[in-house]
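Please open the model in your viewer and keep the selection panel at hand. The stops below are to be taken in order.

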Amino acid sequence: MKRITSKPAVLAIIMACVASPLSAQESLPIRNCTWCHGSSAQGYTSAPRIAGQTHRYIENSLLSFKSHARDNPASKQYMWGAAANLSGETARGFAVYFSELPASPANDGDEALASEGKSIYVEGRPASNVVSCIVCHGPNAEGFEGIPRLGGMGHDYLKRRLEQWNEGYHAAAEPMPRIAKRLSANEIEALASYLSFVR
Amino acid sequence: MKIVGLRLATTAVFALAFALAVKAADRDEGGDSAHGFQAKLEYCKTCHGLSGEGYRGYFPMPRLAGQQPKYIENQLRAFIERRRVNPVMFNVAHVLSPATLAALSEHFRNLNPEPIGGGPRDHIALGKTIFEQGLPESNVPACSACHGPEAKGHEEIPRLAGQLFPYTLKALSYWGKERGVGGSRDDTSAIMVPTTHNLTHEQMSAIAAYLSYMK
């Protein structure tokens with residue numbers, strides 16, 4: 001009798017061992033990320049949406065938190081510790097996992113500024129040497145390789161990132177510090193508003 | 001006493017004139033002043049690379065380093081006149097004064113960074129053959145005949161050496177749609193139309209790969 005009952009238990013253990021490598025995500029401590037970034041990774045307060053982000057950008061970001069190259073206050077407070085013991089393999093695993101999740105737009109910018117923001121995004125402001133964003137980030141702000149997706153990110157996050165380059169943070173992220181220093185406060189507000197609505 | 005007063009007045013006048021000139025230069029967004037030119041140059045390099053080596057964004061931004069000034073000038077005019085269709089570069093070009101344009105193209109001509117490379121290496125040999133000998137059976141002339149044996153270009157004919165792989169591939173693939181638009185007789189880019197029509201995608205990719213590593 002005892003031998004019979006143990007059979008399903010053994011089988012369950014074997015199944016668990018076979019099943020786990022098939023779904024790589026199960027070996028990743030996803031919850032460590034989603035506590036702050038939201039259970040579907042759509043972002044929550046100061047933690048940005050990471051669902052649907054380009055995987056190379058997520059991986060590079062995690063490594064730049066670990067190396068402290070990314071040094072704005074929220075990074076220092078939360079992400080330096082979170083990434084301190086991250087292996088390259090785990091960083092890549094997180095990056096691929098979150099890049100494949102569906103993303104929905106934050107829609108939390110000022111709608112009245114969206115058309116001005118779009119015009120800056122597409123055309124830049126050549127007369128004041130503001131470059132166009134579309135050439136790197138793409139027609140739908142979808143990102144490209146290591147260049148991040150911006151479409152549908154939260155307004156406050158986008159705004160703070162654009163401001164922080166001018167405050168000297170994350171100086172290694174060429175060419176963004178040089179681009180952002182040309183933007184006025186109104187232009188930053190308009191860009192962040194427009195991008196929050198992009199699908 | 002009078003002399004001292006006069007001197008002071010003269011100094012004040014000069015100081016005022018200087019201050020006004022500086023203010024005018026700050027406002028000069030076309031970039032003709034030294035200050036405006038530096039800002040405009042930095043603007044170009046933000047996308048085209050700090051040494052003009054090009055940059056791989058969602059759209060590839062071409063290498064300008066070592067480019068023929070006449071080619072740059074002609075292309076910027078082509079954007080303005082809509083002979084070459086590119087919404088971003090139309091906006092960039094139409095605020096440039098002729099003097100700034102000339103100074104910018106002269107600056108880029110003298111830069112010589114290493115090429116970014118990046119084209120598929122297994123295509124290089126075929127690319128070299130097409131570049132040097134053409135494809136007689138498909139009526140494709142050797143690229144070197146016009147662009148020079150080292151692909152450095154000449155006057156309105158562009159330098160191709162070290163150009164970004166995706167940029168060259170895109171240019172060859174969509175030639176008549178982007179360049180030589182409007183059927184203007186002055187537009188020398190029409191020369192390339194029959195050549196690009198006779199190339200297969202694989203041959204275009206091979207040429208672009210070969211050029212991407214060329215110094």
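The tour begins with confidence in chain A, continues to a helix pair there, and then turns to chain B.

This is a predicted model, in which local features need pLDDT of at least 70 and side-chain atom pairs count only at pLDDT 80 or more, whereas totals for chains, interfaces and linings use all residues. Residues are numbered from 1 along each chain as its sequence is written, chains are lettered from A and ligands numbered from 1 in the order in which they are written, and side-chain values use heavy atoms, with hydrogens and water left out.

**Stop 1: confidence in chain A**

The average is 90, and 87% of the residues score at least 70. Now select residues 10-23 of chain A, where the pLDDT is below 50; this stretch has 0 contacts (heavy atoms within 4.5 Å) in the model beyond near neighbours in sequence. Where pLDDT is low, predicted coordinates should not be read in detail.

**Stop 2: a helix pair in chain A**

Select helix α6 (residues 114-123) and helix α10 (residues 185-197) of chain A. Helices here are DSSP runs of H or I with at least four residues, strands are runs of E with at least two, and both are numbered from the N terminus. The axes, lines fitted to C-alpha atoms over the stretch in contact, with angles running from 0 to 180 degrees between N-to-C directions, come within 7 Å and cross at roughly 95°. The two helices are therefore roughly perpendicular (65 to 115 degrees) to each other. Among the residues making the contact are A:Ile120 and A:Tyr121 of α6(A), and A:Leu191 and A:Tyr194 of α10(A).

**Stop 3: helix α8 of chain B**

Move to residues 165-173 of chain B, which form helix α8. Its buried residues (under 20% relative accessible area, 1.4 Å probe, protein chains only) include B:Phe165, B:Tyr167 and B:Leu172. The buried residues of α8(B) pack against several elements of chain B, including β2 (60-61), α3 (69-80) and α11 (201-213).

**Stop 4**

Which loop holds B:Asp187? B:Asp187 lies between α9 and α10 of chain B, and at 6% relative accessibility it counts as buried. Display B:Arg83 as well: a polar contact (N or O atoms within 3.5 Å, one able to donate a hydrogen and the other to accept it) of 2.9 Å joins the two side chains.

Finally, select B:Lys45 in helix α2 (residues 34-48) of chain B. B:Lys45 is buried, with a relative accessible area of 14%. Leaving aside neighbours within four places in sequence, the contacts of B:Lys45 include A:Arg178, B:His107 and B:Phe108.

Key:
Angles under 35 degrees count as roughly parallel, over 145 as roughly antiparallel, 65 to 115 as roughly perpendicular and the rest as oblique. pLDDT is the predictor's confidence in each residue, from 0 to 100. Buried means under 20% relative accessible area, exposed over 50%, partly exposed in between (1.4 Å probe, protein chains only).
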